[in-house]
Amino acid sequence: NPLFNYRLLYRTARSLAAAAAHLHSCGHLIGDLNETNVLVDAAGTVCVIDTDSFQIRAGARVFPCHVGKADFSAPELLKQLRGSSFAQLTRTEAHDRFALGVLLFQLLMEGVHPFDGRLAGAAQPLSREEMIARGHYPYARTPKTAVARRPTAPPFELLPPALRDLFGQCFEGGAGGHPARPAARDWVQSLTLAETTLVTCRRNAQHVYPNHLSACPWCD
């Protein structure tokens, strides 16, 4: 839809985070959270599908999610999967938080995956799965290793500082686990506030961008 502008992408991101927050508050996990399991209408409202793969908790009993995608799997989950399968694992909310962060990043960064990049000095580019497993996040605030960002990615500075910080909390640290990954409700709060900062370009009404920028990035 050519009229689905950046404001609606923010709204979609907030709607997705709100859906995840509600499920988490009920003790359930989406599990196989990826781009194929989310539908969006023209107003930016999200519907999560393939709910038969959710991880459901009923009292002390857990019905696990049997499927998943490596591109949306947290580094510690990828480590557990070596020699095992999704069906044998009980996932945690931290795993859902990672996958949610990936989808939100893609929504706000023109479809670019947060671990798209190239490790400096590598003879061959690493797969996304290996980049995730090793914690090579190209947008790290204090990078441990030089990782070049994907050349066609929009500038990370397009995002408001608060959102950039949340992505840092979500993706920095590698395979050591992330108890401090932002909860879905944290994304809802930040995205709600961020949407109020969006302004419309004077030259093109379809160009919408955060007001911390001095000029329209889409015109550039």
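His-113 counts as buried because its relative accessibility is 0%; buried means under 20% relative accessible area, exposed over 50%, partly exposed in between (1.4 Å probe, protein chains only). This is a predicted model, where local features need pLDDT of at least 70, side-chain atom pairs count only at pLDDT 80 or more, and totals for chains, interfaces and linings use all residues. Residues are numbered from 1 along each chain as its sequence is written, and side-chain values use heavy atoms, with hydrogens and water left out.

His-113 sits in the loop between α3 (93-108) and β5 (117-119). Helices (H or I, at least four residues) and strands (E, at least two) are DSSP runs, numbered from the N terminus. A polar side-chain atom of His-113 lies 2.8 Å from the backbone oxygen of Asp-71. Beyond neighbours within four places in sequence, His-113 contacts (heavy atoms within 4.5 Å) residues including Asp-71, Val-102, Phe-105 and Arg-128.

Helix α3 is largely enclosed by the rest of the structure, because 14 of its 16 residues are buried. Just after α3, Glu-110 takes a positive phi of about 60°.

In α5 (residues 161-171), the buried residues include Leu-163, Phe-167 and Cys-170. Their cover includes α1 (6-25), α3 and α6 (184-196).

The whole structure has zero disulfides, a disulfide being a pair of cysteine sulfur atoms within 2.5 Å. Two cysteines show the separations.

| Cysteine | Closest cysteine sulfur | Sulfur distance |
|---|---|---|
| Cys-26 | Cys-47 | 16 Å |
| Cys-170 | Cys-65 | 18 Å |

Cys-26 is partly exposed at 42% relative accessibility. Cys-170 is buried at 0%.

Technical notes: Polar contact = N/O pair within 3.5 Å; in protein donor to acceptor, adjacent residues only side chain to side chain.
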